[in-house]
Amino acid sequence: MEANNIISILVSSRELGRKNSGDLKTFLTNLKLSLHNPDNVEIIFKFDNDDTLIEQSLIEAASYNPELNIKYFFSDRYGYLGLHKGYYESLKIIDPNSYIIIIIADDFVYKINSHWDKQLLNASAHLKNEPFIIQDKSKLGQMHDCQVFSRKLIDLVGLGDSLSMDGWLVDICSIYLEHNLTDYIVYLPEFTHRQTCAYDWSHERWNIEREQLIQYLNSQEYKELKDECKNKIKNYFKL
């Protein structure tokens, strides 16, 4: 497989007031050790304009991992419920040859020496120009903390316009299964996991934001968004 940076990893990260146990050095070093070929991926970080600590953290972390192709930019702070806005900004600077988009937090680690990049590229090469989805078959229809999209799928239906991009993938998977589009589902085991004790889930903000998210996912607005997504998929496949 020719290395063309065709997997784009999108990360929103924040050092100032960090509330999880992730750090960029661990994230990047672990990522490097998991890859078959570092040239298969690019990593795009979105940072907040007010974060005065993050750039130096990235410079230090990148110095330990010079093999990795890293991009970053600063923009407004959108908050937890506006994460998708930063990811849409990231999509504007992905490599033109990228056809797989991974959305992940910086407190995740990859399975070392798993060569997941080679597996993912090989398994999806025949669908490069199609709106395929990637699922762990043992967790089919369940939410995944690490979301993997085909670029064509994002072009077709977007990210769901909420932070619940894992829920958006569950809804899309249900549509594919309902209409027997299983040839466009790539099955691969999950290759990441969240670091132990990454969050203090007792923090009040999680309860508030979780409740806001649940309200949105049960809203008429989100229902209409899902219906629009379903129609776009049916029209694309001429169903």
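Lysine 223 is partly exposed, with a relative accessible area of 42%, where partly exposed covers the range between buried (under 20% relative accessible area) and exposed (over 50%), for a 1.4 Å probe and protein chains only. This lysine forms a salt bridge with aspartate 227, and the closest N and O atoms are 3.2 Å apart; a salt bridge here is a side-chain nitrogen of Lys or Arg within 4 Å of a carboxyl oxygen of Asp or Glu. Aspartate 227 is likewise partly exposed, at 35% relative accessibility. Because the two residues are four apart in helix 8, about one helical turn separates lysine 223 from aspartate 227. Helices (H or I, at least four residues) and strands (E, at least two) are DSSP runs, numbered from the N terminus. The model is a predicted one, in which local features need pLDDT of at least 70 and side-chain atom pairs count only at pLDDT 80 or more, while totals for chains, interfaces and linings use all residues. Residues are numbered from 1 along each chain as its sequence is written, and side-chain values use heavy atoms, with hydrogens and water left out.

Helix 8 also takes part in a link to helix 6. Lysine 230 forms a salt bridge with glutamate 178, with 3.1 Å between the closest N and O atoms. Lysine 230 lies in helix 8 (residues 220–236) and glutamate 178 in helix 6, so this pair ties together parts that are 52 residues apart in sequence. Lysine 230 is partly exposed, at 25% relative accessibility. Helix 6 (residues 165–178) also holds aspartate 171, which touches Tyr222 and Lys226 when residues up to four places away in sequence are not counted; contact means heavy atoms within 4.5 Å. From C-alpha to C-alpha, aspartate 171 and cysteine 229 are 9.2 Å apart, although 58 residues separate them in sequence.

A further salt bridge joins aspartate 48 to arginine 77, the closest N and O atoms being 3.8 Å apart. Aspartate 48 lies in strand 2 and arginine 77 in the loop between strand 3 and helix 3 (83–91), so the pair ties together parts that are 29 residues apart in sequence. Aspartate 48 is buried, with a relative accessible area of 8%. In total, the count comes to seven salt bridges.

Strand 2 (residues 41–48) runs parallel to strand 3 (residues 70–75), and six bridges connect them; strands pair if DSSP finds at least two bridges between them. The chain passes from strand 2 through helix 2 (residues 54–63) to strand 3 in a right-handed β-α-β crossover, meaning that, with the strands pointing away from the viewer, the path from the first strand over the helix to the second runs clockwise. Isoleucine 44 stands opposite lysine 71 in strand 3.

Turning to the rings, the structure holds 15 aromatic pairs. Tyrosine 236 and phenylalanine 237 form an edge-to-face pair, at 4.9 Å centre to centre and 80° between the planes. Rings of Phe, Tyr and Trp (its six-membered ring) pair if their centres lie within 6.5 Å, with planes under 30 degrees apart counted as stacked, over 60 as edge-to-face and the rest as tilted. Tyrosine 236 is partly exposed at 29%, whereas phenylalanine 237 is buried at 15% relative accessibility.

For the chain as a whole, there are eight helices and nine strands, and buried residues make up 48% of the 239 residues.
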